[in-house]
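Good morning, and thank you for making time for this presentation. Please have the sequence and the model open as I speak.

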Amino acid sequence: MNITDQTQNLPLTKYRVLELGDQKGSYCGRLLADFGADVIRIERPGGDPERNLGPFHQNIPHPEKSLRWLWNNANKRGITLNIGVRDGQEIFTRLAAKTDLLIESFPPLYLNSLGLGYEALRKVNPKIIVVSITPFGGTGPYRDYQACDLVYSAMSGFMYSTGEPGLAPLRISAEQAYFQCGCQAAVAALLGLRMREKTGEGQQIDFSIYESVVSGCQIPSFYWLGAKQIYRREGNRGYRGGVIGIRGLWPCKDGHVIWRILMSQLGRNTKAVVEWMNSEGMGSSLTDVDWESRGWDSVTREEMQGWENIFADFFSRHTKVELYEEGIKRGFVLFPVNTIKDVTENDQLKARQFWTRIEHHEIGGFLTYPNQYLKSTAYHVGVRSRAPLIGEHNSQIYQVELGISQDQLIMLKGAGII
Amino acid sequence: MRSATTSPKKRELTLNGLKVLDLTWVMAGPLTTAYLGMHGAIVIKIESEKRLDHARCNPPWLNGIAGRERASMFNALNCDKLSLQLNLSTDGGKQVLKRLVAWADVILESFTPGVLARLGLSYEELKKIKPDIIMVSMSIQGQNGPESMSKGFGSEIQALAGFTSFIGYPDGPPLMTGLAYTDFIVPWYTLIGILAALEHREHNGEGQYIDVSHLETGVTFLAVEAIEYLAGAKLKPRIGNRSPWAAPHGAYQLRGEDRWCVLAVLNDMQWHSLKTIMGDPDWARQAKFHSLLDRKMNEEELDKLIGQWTCTQDEGVIFRLQAAGVPASIVSTGQDLSACPQLKERGHFLKVVRSDVGPVYCEMPSYRCVPPLFELPKPPPSFGEHTEYVCKNILCMSDEEFLKMYDKGVFY
């Protein structure tokens, strides 16, 4: 693949990025690659453990078929290198000398122990920016704690806000933390590059995954820090400071929808639904309620329950699509609870060209990826090329760029260095 | 309407006094511009009595007392912005806005698609005023497409993006989260887009229009599941807090009122450590819990037994688990977050003192570095606090012009 052609006009093409570590750093590098940076993923010889993460294409666990690996590492080049040995460290240092940004996600101070920490690298390249991504940050009492997506979700406040009261707090059953981390670390990296324009010098950025997940949650902190209230899970209701929450999730004919009974400033939302219900003879006592004037403080539990029963009955007679489309027509906010199947079939995403097919020779076909999650009039942001195979660009980078000979490469391979 | 003195943004900071015009409201947009502000941008936020920011109108209220300056959501997400009261439905309001466009580097808006165009303020129109303007439209579903006109809030869009279908107890129905989940995804993508746009503009002098949506950025967080489905996988039932590749892995109740922990055993060593910390109970030595495959097959029983043990424990068990290398934590409440020693050490939450209502709080970026890229922000503005300042000091209006416009209701 010719990277130069495909990245024409993208804003970050002048930047070279090295990525060392694991899935904690890979989405950060991926986003920079999407905007045109030349991101080189450095894996250990034989392939990074991220390749062991499911789900797998056709459920076949294989290092070139990990869909998680493929998504996180699209648009990158890939080389293998063992930085635990001297030859590997020398090669890495040569690469770092010509790199703008290093993203690394080793445990705190690990690179320092190899003589590849920021202080060492900046002697070789004063302009290098090192983004160090760790679970809790490079400092603090939790610096050496262990984490995983479940721990991040729990510590961030998300889980306490989700689930049925009395039953276990719930996470989203799909890994989220490393995406949150990747997005915010990419922002930090770009800010570091911006600062470097002014000062001419690089720096090390100490990034905490935990903090990024907390910043991906925030609402429980509004409640506690502002009002000393503890935002808590209320099943399918939204927490409302101790009084009964407003119901949000409703079964319907073929699934579920989300819609909240909104009042006063947003009462028009409810009025619009009731008008529709009236047109089908189902408005009943809801028609007498002045949704735009009343506030929740005046509503008793019995009254709310009564309303909910009428709404629930109405929703149960309609499909997700019927309810959603009528919402768009009549201007009320209602969304279907889409399965991932529904998401992939969503008309809006298709019309927005949200999906792209990329060829994968090693699996003998194509995979479809989300694409164009941000639309710019200046360039096209999305998946241009598949993630690298193990050591796919060893020759290109080691021989062509660094001038290492074929014989030397064979020697390094045999010694487990690349 | 109050005037207030304010000093220009420090030019030592990363964004060098980048001029940002903020037409957004509620959470996602304001979070984005606040982040730019912390890193050195000057942010002018447009507010109007005709269209009061929902973030000012809803609880939680500071100390439980309602008031447009006392809303926690507003105070957390609008630090250090200049508040300009501007009525965009007046001709004068539109004029002032156009003068602000001439001033601005970046404009961020989150109206329903088409609203700004109807006010004569589309990207094409604004480009005539400032050819290299970077304009960003943040919307629920994007600026075009069959469903672009749907109204929505972050609280509901979770369902459309697929998140709600991934929340629920094992084999149970979907459950929503009370949180406006996508409101804290789209800002980061928007910031990447803006910073990339600044690189582009520096390189060839061009501005651009960026169209970013809650739906599309949200779905990227379920990309792996989408790719899997499109590659031919079947829809799977919900698994709650379980993991496809680890056991035990879940939430377990502790001693105390609704106190929970999570723990995960990701390898044999961690299983051994957990057994030791549990006091090496007989049940844990059974062959059916010996290996990962064994534990996975007997997961329901395993969870029950671990839960029976955690119920006898207080939060101190988490420190013992972590000391032994087992991923574990409390299920944090907002109170836990504010007391968290790690977040304290990192300075994640910042107390900012408003002269009118006292201390309010906001979150700092998730990283540290020296020299710093951001500064501690000033307090959030009161409604329309900087109207006169912006008009006279930034737009260089004379006193007469300002008063004339004021009388016409331009600053309502």
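I begin with a definition: the expected span of a helix is 1.5 Å times one less than its number of residues. Helices (H or I, at least four residues) and strands (E, at least two) are DSSP runs, numbered from the N terminus. The model is predicted, so local features need pLDDT of at least 70 and side-chain atom pairs count only at pLDDT 80 or more, while totals for chains, interfaces and linings use all residues. Residues are numbered from 1 along each chain as its sequence is written, chains are lettered from A and ligands numbered from 1 in the order in which they are written, and side-chain values use heavy atoms, with hydrogens and water left out.

Let me start with chain A as a whole. Chain A has 17 helices and 14 strands. Along the principal axes, its C-alpha atoms fill a box of roughly 85 × 50 × 40 Å. Of its 418 residues, 65% count as buried. Here, buried means under 20% relative accessible area, exposed means over 50%, and partly exposed lies in between, with a 1.4 Å probe and protein chains only.

Helix H8 of chain A covers residues 177-199, and its 23 residues should span 33 Å at 1.5 Å a residue; the end C-alpha atoms are 32 Å apart, which agrees. How many of the residues of H8(A) are buried? The count is 20 of 23, so that H8(A) is mostly covered. Gly200(A) follows the helix, and its phi is positive, near 80 degrees.

I turn to the aromatic residues. A pair of aromatic rings is described by the distance of the centres and the angle of the planes. Rings of Phe, Tyr and Trp (its six-membered ring) pair if their centres lie within 6.5 Å; planes under 30 degrees apart count as stacked, over 60 as edge-to-face and the rest as tilted. By this rule there are 38 aromatic pairs over all chains. In one of them, the ring centres of Phe136(A) and Tyr210(A) are 5.4 Å apart and the planes stand at 65 degrees, so this pair is edge-to-face. The two residues are 74 apart and link distant parts of the chain: Phe136(A) is in the loop between strand E5 (129-134) and helix H7 (149-156) of chain A, and Tyr210(A) is in helix H9 (residues 209-215) of chain A. Phe136(A) counts as buried because its relative accessibility is 0%, and Tyr210(A) counts as buried at 1%.

How are the rings of Trp250(A) and Trp259(A) arranged? Their centres are 5.9 Å apart and their planes at 50 degrees, so the pair is tilted. Trp250(A) and Trp259(A) are both buried. Ring pairs join them into a cluster whose members include Trp276(A), Trp291(A), Phe311(A) and Phe332(A). Arg247(A) also lies over the face of Trp250(A), 4.1 Å from the ring centre. A charge sits over a ring if NZ of Lys or CZ of Arg is within 6 Å of the ring centre and within 35 degrees of the ring normal. In chain B, the charged end of Arg56(B) sits over the ring of Phe74(B), 3.7 Å from its centre.

Next come some details of the backbone. The peptide bond from Ala247(B) to Pro248(B) is cis, with omega near -5 degrees. Pro248(B) is in the loop between helix H10 (223-230) and strand E7 (249-253) of chain B. The bond from Val370(B) to Pro371(B) is also cis, with omega near -5 degrees, and Pro371(B) lies in the loop between strand E12 (367-369) and helix H17 (387-394) of chain B.

Which residues other than glycine have a positive phi? Ser264(A) is one of them, with phi near 45 degrees; its place is the loop between strand E10 (255-258) and helix H11 (268-279) of chain A. At 32% relative accessibility, Ser264(A) counts as partly exposed. Asp80(B) has a positive phi of about 60 degrees and is found in the loop between helix H3 (72-77) and strand E3 (82-85) of chain B. Asp80(B), at 14% relative accessibility, counts as buried.

Val317(B) is buried, with a relative accessible area of 0%. Its C-alpha atom is separated by 14 Å from that of Ala264(B), 53 residues apart along the chain.
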